[in-house]
Each structure stands twice: as structure tokens, then as C-alpha cells.
Amino acid sequence: SYGKEVRGLNRLHQFDKVEIVQIEHPDKSYKTLETMVNHVASILDELELPYRVVQLCGGDLSFTSALTFDFEVYSAGQNKWLEVSSVSNFESYQSTRLKLRYKDDNGKNQFCHTLNGSALALPRVYASLIENNQTKDGIRIPEVLQSYTGFDIIK
């Protein structure tokens, strides 16, 4: 079974995704993180995909991240959850390296907070759409996508 999970749409070496990046005042960065998490959740809700949000524990965080939430969609074909997005607050880690600063009320330079998120890993979302929308008549297209596809079912 060695290598059985390194092929197919779930393990592409290169894939498209949309990145969301925010530069924020430290007092507002965790509220912005919540907004980013809600944004990714709203996309998955509109796509009608079964998903869960996992807050990573300290041991699973990269040394650059202060707080990370992973989004996982259910893969019916593999009977497991697959990560499709990760949203993180890096606090001042990236801004320190970039020298990305603002002046506080006292005129002193302070480091901004940076937040990053992969909005969705497209191949895994595509696979989840195909797997989770199978009916006896074909693959049902979520309503939000029907205006783009021009049809509601793949037969």
C-alpha cells in the first residue's frame, strides 16, 4: 500500500488555490481572523459541502503561526476528511521580517500583524463536489454553481 495516497486529485504537486492575505493592526487581528474563517466557511456552505473546522493545537502549529484553523471537507470516496483550507494569524512574525510597521499614538514604530489563508484547494473541492453530489440521475451541481455551468446535473 506504499504510495497509495500520493496519486490523483488529492495529491497533486501543483494546484490552483486562491490566497487571502490581510495586514492588520494588532488590536484587530483576531477579529480579522474570525472574519477570514467565516469567509471560507461561507464558500463551503454555498457549495453545500460537508466540512469541519479544526483549530490546531500548539504542537501542530508551525513556528510562524500564533493560531491556525484548518477546513476539511468530507471525501465520500475515501471515507475521510481532507484539508482544503488553512487560515492563520502570524501576529508579527512575517511583519518583523518584512519590516512592516505603523506608528502608534506616541509616534513609536510598531509591527503590524499578518494573516494568511488559502481560500480553497481547488482539486480537492472539485473531488468533494463530484463525490458528495452523486444521485441515481447523475451528479447534482450545487445551486450556486449552476449559473456558471448552465446546467444542474451531469449525466
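**Residue I23 and the elements around it**

I23 lies in strand β1 (residues 17-24); strands are DSSP runs of E with at least two residues, helices runs of H or I with at least four, both numbered from the N terminus. The model is predicted, so local features need pLDDT of at least 70, side-chain atom pairs count only at pLDDT 80 or more, and totals for chains, interfaces and linings use all residues. Residues are numbered from 1 along each chain as its sequence is written, and side-chain values use heavy atoms, with hydrogens and water left out.

Q: Why is I23 called exposed?
A: Exposed means over 50% relative accessible area, buried under 20%, and partly exposed in between (1.4 Å probe, protein chains only). I23 has 52%, and is therefore exposed.

Q: What does I23 touch beyond four places away in sequence?
A: Contact means heavy atoms within 4.5 Å. I23 touches L100, C112, H113 and T114.

Q: What makes β1 and β7 a pair?
A: Two strands pair if DSSP finds at least two bridges between them. Seven bridges join β1 to β7, and the two run antiparallel; I20 stands opposite G117 of β7.

Q: How do you know that β7 is mostly covered?
A: In β7 (residues 113-121), eight of the nine residues are buried.

Q: How does the span of α1 stand against the expected value?
A: The expected span is 1.5 Å times one less than the number of residues. Helix α1 (residues 29-46) has 18 residues and reaches 26 Å from its first C-alpha to its last, close to the expected 26 Å.
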